[in-house]
Amino acid sequence: MCSDDEKENEVHAVASHLTPLPKPPDQLDMLYREHHDLVFRTAYRITGSAADAEDVLQTIFLRLARRDGGPNLLPSPGSYMHRAAVNAALDIVRERARRRSVTLEEVTVSVGASQASLHESQEVHELIRRAVARLNPKAAELFILRYFEGYGNEEIARMLGMSKMVVNVLLHRARGRVRKDLGEFLGRHHETE
Amino acid sequence: MKRNNIDPNTLLDRAVEAIRDEAVDQSVVDAAAARVRESLSTRASAEPVAAAASVTHIRGCDDVQALIPSYLAGGVADARKLLFEDHMRECVPCRKALKAARTGESPAARPAHVSKAAPRPRRTAPVRWAIAAGLVAAFAVLPVAKYLGPFGGSLATVVEAADGPVYEVEGVSTRQLAAGDTLAAGERLRTARDAGAVLRLDNGVRVELRERSELAIAESGSGATIRLDRGNVIVTAPASAGRIYVATPASLVTVEGSTVAVTSGTKGTRVSTVEGRAQVDSAGVYRLIGPGEQFASSPSIEPVSVARDVSWSRDASKYSEALAALRTEIDATALAGELRTSTRLLDLAPEGTVFYAAIPNISAGLAEASDLLQRRLSENPALAEWWQQEHSANHRAGLDLAVQTIRELGAFIGPEIAVAVSLDRSGGPGAPLVLAELKDAAGFRAALERHLGAVGEASKIQVVESVASAKTGAADGLTIVAGGDLLAISPSLDLLAGVTGGAHGFTSSPFYTRLADEYRDGVAFLLAADLERIVAAPGFKKDAKETDALDRLGVTGLRYFVVKQRMDGTTSNASATLTFDGQRRGIASWLAAPGPVGALQYISPDANVVAAFVVEQPAALVDDMLGFIGSDDPEGLAELRRFETENNVSFRDDVAASLGGEFAFAVDGPVLPTPSWKMVFEVNDATRLQTAFERFVDAANREAAAAGRPTLAISRAEDGGRTYFTLATPETSMEVVYTFTDGYMIAAPSRVLVDRAIRYRESGYTILTAPRFTAALPADGQTSFSALVYQDLTPLLEKVPGTGLPDTSMLPTLAYAYAREDRIEFGANGKGAPLGLSPATLLGVPGSGGLKDLMKQAVKG
């Protein structure tokens, strides 16, 4: 049945020109195996919650599976996944801020930590996360990539296809806003002492 | 009070660091990953239902089938429902899918999604899916465009021109269309082999079809959609027409106020922008392409120049073919002159001549060419239209006058005009002397005086029969001696007296012998300089230090520089030879004997400018440079040595010694916003070179930082098994990316360009195989070059005036050099005469200057 095989191959070749071939399951599988760890950990850093990180992981790969013609993640699937994780996680933090409207006052009252460990307190972390989520989406992504994920300004510029100047300026402003929120919190924190 | 000291900046830094360092237990990650994986495989198969609501455009069977669940649930709007049901009557796979959905079976007709989620199917399954997908596509392609129709309004399309058979295709029937016929929305138009058509939409959009193209036009909500199933179109959309979409099976192109060429073929879609911009959406990837840029939906579609992509256009051929033919014809007419193998003008050159040029008297040819141009203009309305557009009435009159003058005066002059320049007593360049043979001295004088009177220059120029009758004292005036059978022009009466007095001191010099040799071989254009005497002249030398520097550069070893040009048919061959008084040394010895340049394999066939050369020994080159610096500027050399010693680096041993002998530079790709330049070096020891670079940058940075100057940064990135280095200054956005591969270093302004260069080499699709490049190669006994400079401006959209399309008649030029033991030979190939000043150019047929411009310059100067 060798000729049948040939025929099948021919049909295969012709069909592949007519419509994008079904994406072999392996590709998505491979992406998942390679990147689920990165996606999960990134999402965890941003959301501060394992359950939310799991949601991010699921959202991203479900989206990929639905893409027609296969995801085009080139030139670098790694940085695509990383950015996707950052943005999906930010969406969750934004959503959370809307849903449970924990006010800053509440956060302040619950802080009982000493000055030395203030930077380790979950409240401060949550405060920073929300401050970041309040930034405009682009600035938030920049902030996360730079400060949570530890990319250099130049790499970020390349990843996002922006000029380095713009990245520098946006980051500077973003950091200023987050710091201002943090400063206000510290002021209140001091008053409650 | 202590709390007051907490600085938000510090807290932010530390908290962010804490967030970054907070570890998640691997078991938590693994458990979550396993759950998500499980859920993905079940949810993805249910995906069509989820996706149904998101179908916004119906572009194929997939979209129709995605609507099935909503349709069954009664959630499809009326207009769409009609469309849906109509399609179900015609399309077997979709009907099957609908039936399956009704009876609750799994939606087998969505192979793409099922196969993604299903556990690995049996071995033959992918092939079956492929067949199914192929069938779906085959059934979908034809009917779908028709369904776009009902959404459309009353968009009227007029067939403006039809060359050859153009059909409207409807099911089994076809109707041949002629110019003036209209095409209703949704009707399919097909051009037969060797046919073409131009459509005009009532919103002003112009669509040009190539042969064997098929499309349908529909009006969609936000503009018109041209559904191109196959073939080539050029869409010109005025800004007033809003957005025009060109949909191909692979991509969706948005055209707005621009001219865009779209090709749809078996392999996919290629989009080229001629003017303005276009946006392309291909498989979810959006790209904005600028003027002269190109997009291909598949990597298997190689880029071609935009010029070639639109070369089939009726507009492109309307002018450029006619112009190319005319150009060739005119040049052939004007330059058909015989080669001259003897001259008496050379003998008349003054003693001490160091520069000699001989040009043929092309006045007769030029006049003939001008007549030819006028004749062709009257025969070809398209050309005449262009000529009127391009040249104002004033210019045309000026040109006519110039041609008239040349024709009249040139008729008195012999076949050759020579210019000689000798050194004056101080060793500087003396007054020039122009010589020509004359047929009728009295007639010439009369004609000349008439013309001079006409242009009002008579006061500065005296025309005499012999030097004896010339007035002395007119220091800045020009004296023209036209007597007997000789014409001599010079500002210097002494020189003129020498010519007529019969002083032939020049004939005994070696330079004369060299020139006489050239005449024996036949001369059309000749230009020669006696460099040995120029360099040795007292006017050239300054002091011992400079002499030493010149010596080190090898300049003192120069002897002659000779440029020759002759026409072979319509191609001109220019060659130049630089000879030395022995073995080449100094700068002149850097160029190696001809050898292959592998670095050219990294350059694309569409490169605009390419320069490449092979050098003997990069280290020796550095030695010469340092030697030159040392003799010219000893402190500079000491400063360099100090830098090297202090930082423990050696420019010669670490950098130059790691380089091979090949070098190539190219401007290859779009020029805006950053010119796509690239440099390729042959590298023998990449590790050592990179280490040296880093040490140099470090050292330079230390010094720069100390002096408060901007510093450089080298960063390193690994990707796909390749290491990329980026050299950047933080203050500016300038950066250089380079990598090492296969013994070469490739540098470019971005990583994309570096990657592209490597891909060209891997694909074998390089400049070396480009027909335009190979056609420009000279026919001679050499297999390689020592150096070459190639220039092809066509990809840069060199435009034919008035068409907006590239002038495909412009041929690339190639200049090259062969380095030999005691001389370097230069050559150049390309149409036209030296410097591109062919007779056609002089008469104003596209090219660079034009006679009128030269005249203007001359008058101004």
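Me: What makes residues 14-24 of chain A a stretch to treat with caution in terms of pLDDT?

Reply: This is a predicted model, and pLDDT stays under 50 over residues 14-24 of chain A. The model still gives residues 14-24 of chain A 21 contacts beyond four places in sequence. Residues 102-113 of chain A also have a pLDDT below 50, with 17 contacts beyond near neighbours in sequence.

Me: How do you know where confidence is lowest and highest in chain A?

Reply: From the mean pLDDT of its elements: helix α5 (residues 104-110) of chain A has the lowest, at 44, while helix α7 (residues 137-148) of chain A has the highest, at 90. Chain A averages 74, and 68% of its residues score at least 70.

Me: Why is B:R95 called partly exposed?

Reply: The label applies between 20% and 50% relative accessible area. B:R95 has 39%, so it is partly exposed. You'll find B:R95 in helix α7 (residues 92-102) of chain B. From B:R95 to B:I68 there are 27 residues in sequence and 10.0 Å in space, C-alpha to C-alpha.

Me: And what makes B:A358 buried or exposed?

Reply: Buried means under 20%. B:A358 has a relative accessibility of 0%, so it counts as buried. This alanine belongs to strand β17 (residues 353-360) of chain B. Leaving out residues up to four places away in sequence, B:A358 touches B:R340, B:E416, B:I417, B:A418, B:Y519, B:A524, B:F525 and B:L526. B:L346 is twelve residues from B:A358 in sequence, and their C-alpha atoms are 8.9 Å apart.

Me: Why does B:D742 count as exposed?

Reply: Exposed means over 50%. B:D742 is at 55% relative accessibility, so it counts as exposed. B:R212 is at 47%, and therefore counts as partly exposed.

Me: What makes strand β11 (residues 251-255) of chain B mostly covered?

Reply: Five of its five residues are buried. Both faces of β11(B) are covered, with B:S251, B:V253 and B:V255 on one side and B:L252 and B:T254 on the other.

Me: How do you know which strands pair with β11(B), such as strand β10 (residues 243-247) of chain B?

Reply: Pairing takes at least two bridges. β10(B) and β11(B) have four, in the antiparallel sense, and B:I244 stands opposite B:V255. These two strands form a hairpin with three residues between them. β11(B) also pairs with strand β14 (residues 278-282) of chain B, again antiparallel, over five bridges. There, B:V253 has B:V280 as its bridge partner.

Me: What makes a set of residues a nonpolar core?

Reply: The residues must be buried, of nonpolar kinds such as Val, Leu, Ile and Phe, and joined through side-chain atoms within 4.5 Å. The largest such core has 67 residues, and those with the most contacts inside it include A:I60, A:I128, A:F143 and A:F148. Helix α4 (residues 77-99) of chain A gives the most to this core, with nine residues. Apart from it lies another core of 32 residues, including B:V597 and B:L600.

Me: Which residues does A:F148 touch?

Reply: Beyond four places in sequence, A:F148 touches A:R45, A:I46, A:I128 and A:F143, along with B:V16, B:I19 and B:R20.

Technical notes:
Residues numbered from 1 in each chain as written. Chains lettered and ligands numbered in written order. Predicted model: local features only at pLDDT ≥ 70, side-chain atom pairs only at ≥ 80, totals over all residues. Heavy atoms only, no water. Buried < 20%, exposed > 50% of the residue type's maximum accessible area, 1.4 Å probe, protein only. pLDDT = per-residue confidence, 0-100. Contact = heavy atoms within 4.5 Å.
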